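Thanks for asking me to look this one over. Here are my comments, point by point, to read alongside the model.

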Amino acid sequence: MKNSKVKRNLVLGILFFLPVAFLLMLYPSSHNYDPLEIVDKNVIDLDLFTSNSSSDILLNDHITIIGFLGNEPKKNTIAASNLKELVYDKFKGFKKFQIVIVLPKGAEANAEQLQKEINNYDDMRFWHYVFGQPNDIKNLFNSLKTEESLDNNLFTDHVFIVDKDVKQRGRLDDRTDKEIEKKTQVYPLYSYDCIEVAEIKNKMSDDLRILFTEYRQKRKGKFDSTSRRAEDLNANDN
């Protein structure tokens, strides 16, 4: 009987202290991370665009994933489905998160068809379509920092992260640890390819978690910004 009580107490002690130990291991990593870099401060907001929502859809005060699916968005279902399943479904519960798909005016019916294609009866309150003139779409796209281009149908399979201050976020140095050790030339990550599942599932998801952590720490007054990010941005622009 005595031995059984000792075993029971030992098991209860392990069950109690194991989660605590795990949290203590995570604590340093949650406070010593590099913020997601600001790669562009000149992103245009969506004032010139109409939407399928009863309220105005704007980038300001939101963490936004913005994509350009062109004149025939249903033809780009794979990109939209990957974005919905690997990003939207994972982050739709976070405060002020939204996905905005930019389409030309006249593509409203096509947007509805795409929505039916990817919806699966899920909560899509934070997935929006906005519609604009071709020149306005090009101007918005050109305000983002990117090495990609829109095709003739105003489509790209790359999407962008824009923060609450309407600044584009990304990576100024996207090298792996091995590439850094080998002193490989620095290359950036300004946007994320929706066709590349690994890039969306890993890199983009990680970057969004970092951005949400930054804003959570800012709300708690615990965010420690550094000047290194601004210096990196200036160096990258020169």
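The points below take up the nonpolar cores and then the salt bridges.

1. Please keep in mind throughout that this is a predicted model. My comments follow from its computed coordinates.

2. The largest nonpolar core comprises 35 residues, and Ile-65 and Val-87 have the most contacts within it. Two or more of its residues come from each of β3 (63–69), α2 (77–91), β4 (97–104), α3 (108–119), β5 (127–132), β6 (155–162) and α6 (197–219). Helix α2 makes the biggest contribution, giving 7 residues. As general background, nonpolar side chains in soluble globular proteins tend to be buried together.

3. Setting aside neighbours within four places in sequence, its contacts include Leu-83, Val-87, Phe-97, Ile-99, Val-159, Ile-161, Met-204 and Leu-208. Gln-98 also belongs to that list.

4. Turning to charged pairs, the model has a count of 13 salt bridges. One of them joins the side chains of Asp-61 and Lys-96, at 3.2 Å from N to O. These partners are 35 residues apart and link distant parts of the chain: Asp-61 sits in the loop between β2 (50–51) and β3, and Lys-96 in the loop between α2 and β4. Asp-61 is partly exposed at 36% relative accessible area, and Lys-96 is partly exposed too, at 32%.

5. Glu-72 and Lys-75 also meet through their side chains in a salt bridge, with an N to O distance of 3.3 Å. Here Glu-72 is partly exposed, with a relative accessible area of 37%, whereas Lys-75 counts as exposed at 65%.

6. The pair I would inspect next is Lys-203 and Asp-174, whose closest N and O atoms are 2.8 Å apart. Lys-203 belongs to helix α6, while Asp-174 is in the loop between β7 (168–170) and α5 (177–181); the two are 29 residues apart and link distant parts of the chain. Is Asp-174 buried or exposed? Its relative accessible area is 7%, so Asp-174 falls under the 20% cut-off and is buried. Lys-203, by contrast, is partly exposed at 27%.

7. Finally, have a look at Asp-163, Arg-169, Glu-214 and Lys-218, which salt bridges with shared partners join into one network.

How values were computed:
Residues are numbered from 1 along each chain as its sequence is written. This is a predicted model: local features need pLDDT of at least 70, side-chain atom pairs count only at pLDDT 80 or more; totals for chains, interfaces and linings use all residues. Side-chain values use heavy atoms; hydrogens and water are left out. A nonpolar core is a set of buried Ala, Val, Leu, Ile, Met, Phe, Trp, Tyr and Cys residues joined through side-chain atoms within 4.5 Å. Buried means under 20% relative accessible area, exposed over 50%, partly exposed in between (1.4 Å probe, protein chains only). Helices (H or I, at least four residues) and strands (E, at least two) are DSSP runs, numbered from the N terminus. Contact means heavy atoms within 4.5 Å. A salt bridge is a side-chain nitrogen of Lys or Arg within 4 Å of a carboxyl oxygen of Asp or Glu.
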